[in-house]
Each structure stands twice: as C-alpha cells, then as structure tokens.
Amino acid sequence: MTELNFHGRKTLPARGQPWNELQVAMSDMRGDDPDWRYGPPLNVYYAGEDVLDVARRAYAMFICEDALAPAAFPSLRRMQDDIVAISLSLLGGGDDAVGTMTSGGSESIVLAVRSAHRAFRARHPGVRRPHLLMPSSAHPAYDKAADLMGVDVVRVSIGGDYRASVDVLAQCISSETMMIVASAPSLPFGAIDPVEDIARLAREYEVWLHVDACVGGFLAPHVACFLPGLPRFDLSIPGVRSLSADLHKFGYAAKGASVLLYADAEDQEYQHFEYFDWPKGVYRTDTLSGTRPGGAVAAAWAVLHYLGESGYRALAQRVMHIRDRYIEGIERIPGLHLLGAPHLSVIAFGSDEYDIHLIGDAMQARGWPVSRLSNPAALHLTLTPGHDQSMDAYLSDLERAVHQRERGALRSQSRTVVAY
C-alpha cells in the first residue's frame with residue numbers, strides 16, 4: 001500500500017519489502033511498456049537473448065565500480081582502452097588517433113563541441129560569438145551544447161536527397177564558424193551526409209569537422225564489408241577531426257556507452273577539464289560526468305568480445321535484410337513512399353495522398369509504438385535485429401491503416417511531434 005505524508009507525497013516505506021514483492025510490482029509497472037524483444041522497439045537495440053545475457057552478467061560483475069577512478073579499478077581502465085582501440089580500428093583511426101568512452105551520444109557531442117570551441121578560441125581570441133554550422137537534419141544535442149557554451153548555431157537546408165548540401169554549407173561558412181557537423185546517418189532520414197566533400201570544405205576553411213556516427217558507427221563498418229558503395233565518413237578522411245559513435249546502439253551494449261574519437265591526440269587535449277586549487281588535490285576528468293558506471297564499461301567490453309567481427313557482420317547482414325524487406329513492404333502499399341534513399345537501417349516514409357499522421361494514429365491504436373517526423377510529415381523506423389519478429393504483422397497493419405484512410409484522402413499534414 002502506498003504511504004503518503006501530510007503533503008500527499010510518497011514516502012520511504014516504513015519497512016523494507018522482499019524482492020519477490022518488488023519484482024511483481026515492477027512487472028506490473030512495465031505492463032504498458034512495449035515488448036521490445038518482438039518490436040518494433042523504440043530506442044532498444046536487441047541482438048538476442050544470448051547477447052543480452054552477456055551484457056547483463058558483465059554489468060552485474062562491475063555494478064559497484066566507478067570508471068572515474070582508474071587507479072582504484074585498473075580493470076576498467078584496461079577495458080576502456082580496449083574499447084577505444086577497437087573503435088578506432090573500426091572507424092579509420094590512424095597512429096595518432098585517440099578516444100574517450102562516454103555515457104552516450106549527447107555527452108560525446110557536447111564534449112566534441114567543447115573541444116572545437118576551445119581550439120577555436122585559442123586560434124581566434126577576437127571572435128566573441130562563434131557558431132556551429134550544420135544541416136537541419138543534425139541532432140538537437142548540438143543546440144544543447146551550444147546553449148551550454150554560449151555559442152550560436154547556424155542550421156541550413158538539406159538537399160532533395162535528404163543529405164547535407166555542400167553548396168549550402170559553403171555559402172554559410174564564415175570567419176565565425178568553429179565547427180561543421182555531418183551525420184552518418186542522420187536520425188530523421190537515415191542518409192549518410194557527403195562527408196568526403198564536406199571534409200574538403202572544412203580543410204579549405206580550416207574548420208573543425210565532427211561526424212556524428214552515433215547511430216551508424218558500429219553498423220556501417222560491418223555493412224561496408226558486404227554492401228559496396230556505402231559513403232565513407234570515418235577518421236581516415238583528411239579533415240574529419242572527431243567522430244562519435246554509440247556502443248549502446250548497434251554495438252548492442254547496455255545503455256550508457258558511447259565513444260568520442262579524435263584523428264589527432266592534440267585535439268583531445270581540449271576536452272579535458274582540470275582544477276588545481278582544491279584541498280583534495282588536482283581534479284581532472286575527461287568527460288562531463290564524474291561518477292561513471294563501471295557496469296556500462298564492462299558490458300560494452302564483454303559484448304564486443306562476445307560477438308567479434310563475425311558476430312557483428314552476421315547481425316549487420318540480418319539488419320540490412322530486414323531493412324530491405326520493410327522497404328519493399330512499404331513501397332508495395334499504394335500511396336506511401338520512402339523519403340530519400342537510406343544508407344543503413346533508419347527509414348522514413350510519407351504520403352502525398354493521405355495524412356500520414358492519421359495513419360500513424362491508426363497504427364498506434366493497433367498497439368504499435370510510432371515514431372514520427374514533423375517536417376516533412378512522415379513515419380519513422382530504426383530497424384534492428386528484433387524487427388524481424390514483427391515485420392509481417394506491422395506491414396499488414398500498416399496496409400490496413402492506409403485503406404482505413406482511403407475514403408477521406410488528405411495530403412500529409414505537418415504536426416507538432418514530441419520526439420522524447
């Protein structure tokens with residue numbers, strides 16, 4: 001029974017409860033949550049019970065350890081070094097490349113912006129208000145970083161292929177531009193920006209280029225082994241100075257694991273925070289957070305080694321096969337069309353005949369979690385290995401939802417969408 005104080009607030013129970021009761025209570029609370037094992041999951045990257053079990057066991061082994069203190073827990077330092085080295089080998093890091101493990105894509109992004117900002121200030125002390133230059137499809141975490149650091153953001157239109165336009169970026173670059181952002185792929189549309197061309201622009205104007213590969217960083221290198229023509233985006237491209245990639249996405253690690261990689265170790269020096277005038281001694285951190293869960297580090301390390309190159313490639317083949325089948329199914333439904341040509345497993349689809357958001361409402365009424373785009377109006381999927389379990393049912397319900405709207409055909413309308 002819930003215990004309340006005189007303000008009507010829930011209080012700490014007077015007596016502790018046994019685990020079996022707590023387990024039942026938590027199971028009841030998650031009763032309305034989607035079953036992400038059988039999809040379509042939102043923000044869950046499920047590679048099977050065996051991978052989940054490895055991550056869970058590894059996390060539990062290090063649940064009390066703190067990755068902030070490598071001297072106290074040298075095992076976590078070794079694991080982080082291994083994770084960064086593996087990430088660099090996958091993502092084009094040369095002899096001078098280095099990296100840091102972070103808690104997620106947003107922290108990696110904020111740290112990259114901080115590094116670029118400090119590097120820019122060192123070279124251009126007279127510029128009072130530098131800015132980030134990025135396509136409209138870039139993640140809002142860059143705006144968050146800019147807000148924290150007091151810098152401006154210049155967002156520019158993307159091309160008809162839903163990728164960053166090099167020509168538009170070139171028109172907007174100036175002496176105040178401290179960073180250009182490219183995505184691999186962009187989260188709304190699933191397209192990899194033309195990083196090689198943007199990198200040439202960045203070199204010409206001596207501007208920091210960061211590649212946001214938080215979604216594709218641990219999928220694309222394996223897809224490239226069997227799918228020719230995937231656009232290059234990694235640290236091997238001259239001009240790419242930093243890159244972020246999330247282990248807890250297509251690395252299939254437990255939540256709270258990302259990497260921020262630098263092509264040159266000198267750039268990483270701008271990331272560190274140090275404070276010397278403290279009675280306890282010198283305080284130095286590489287990340288925004290202080291305490292960092294050792295479990296997240298251990299789970300990422302264990303999953304990387306459990307799957308290995310062959311395991312990741314097999315999962316990548318499975319994901320791309322699922323993607324192709326979803327695309328085929330969506331394009332077979334009259335009135336629906338794909339937005340652009342997605343390079344990996346993020347897809348978006350809309351309609352010129354129907355209000356796609358009403359179709360989304362109908363899907364939601366059938367029990368499907370629905371991810372949406374507001375501009376242009378579209379529905380959105382990030383396809384993972386777990387989506388094969390629900391594919392036929394999803395496509396069948398989608399076709400029914402479209403037929404439900406046929407009599408009242410309306411052109412797709414924009415709608416305010418709450419993403420998170």
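Trainee: What covers the buried residues of helix H11 in this predicted model?
Mentor: The cover includes strands E11 (346–350), E12 (371–374) and E13 (377–382), along with helix H12 (391–404).

Trainee: Which residues of H11 are the buried ones?
Mentor: Within residues 356–365, they are Ile356, His357, Ile359, Gly360, Ala362 and Met363. Each counts as buried because its relative accessible area is under 20%.

Trainee: What makes Asp355 a cap of H11?
Mentor: A side-chain oxygen of Asp355 lies 3.0 Å from the backbone nitrogen of His357, at the N-terminal end of the helix. A polar contact needs N or O atoms within 3.5 Å, so this pair at 3.0 Å qualifies.

Trainee: What is found just after H11?
Mentor: Gly367, with a positive phi of about 100 degrees.

Trainee: Why is Thr382 called buried?
Mentor: Its relative accessibility is 16%. The cut-off is under 20%, so Thr382 counts as buried. Thr382 is found in strand E13.

Trainee: Which residues does Thr382 touch?
Mentor: Leaving aside residues up to four places away in sequence, Thr382 touches Tyr45, Leu187, Phe250, Ser345, Val346 and His387. Contact means heavy atoms within 4.5 Å.

Trainee: How do you know that Leu209 is well connected in the largest nonpolar core?
Mentor: Of the 70 residues in that core, Leu209 is one of those that touch the most other members. Ile180 and Phe233 are also among them. Helix H10 (residues 294–331) gives the largest share of this core, 13 residues.

Notes: Residues are numbered from 1 along each chain as its sequence is written. This is a predicted model: local features need pLDDT of at least 70, side-chain atom pairs count only at pLDDT 80 or more; totals for chains, interfaces and linings use all residues. Side-chain values use heavy atoms; hydrogens and water are left out. Buried means under 20% relative accessible area, exposed over 50%, partly exposed in between (1.4 Å probe, protein chains only). Helices (H or I, at least four residues) and strands (E, at least two) are DSSP runs, numbered from the N terminus. A polar contact is a pair of N or O atoms within 3.5 Å; within protein, one must be able to donate a hydrogen and the other to accept it, and residues adjacent in sequence count only if both atoms are side-chain atoms. A nonpolar core is a set of buried Ala, Val, Leu, Ile, Met, Phe, Trp, Tyr and Cys residues joined through side-chain atoms within 4.5 Å.
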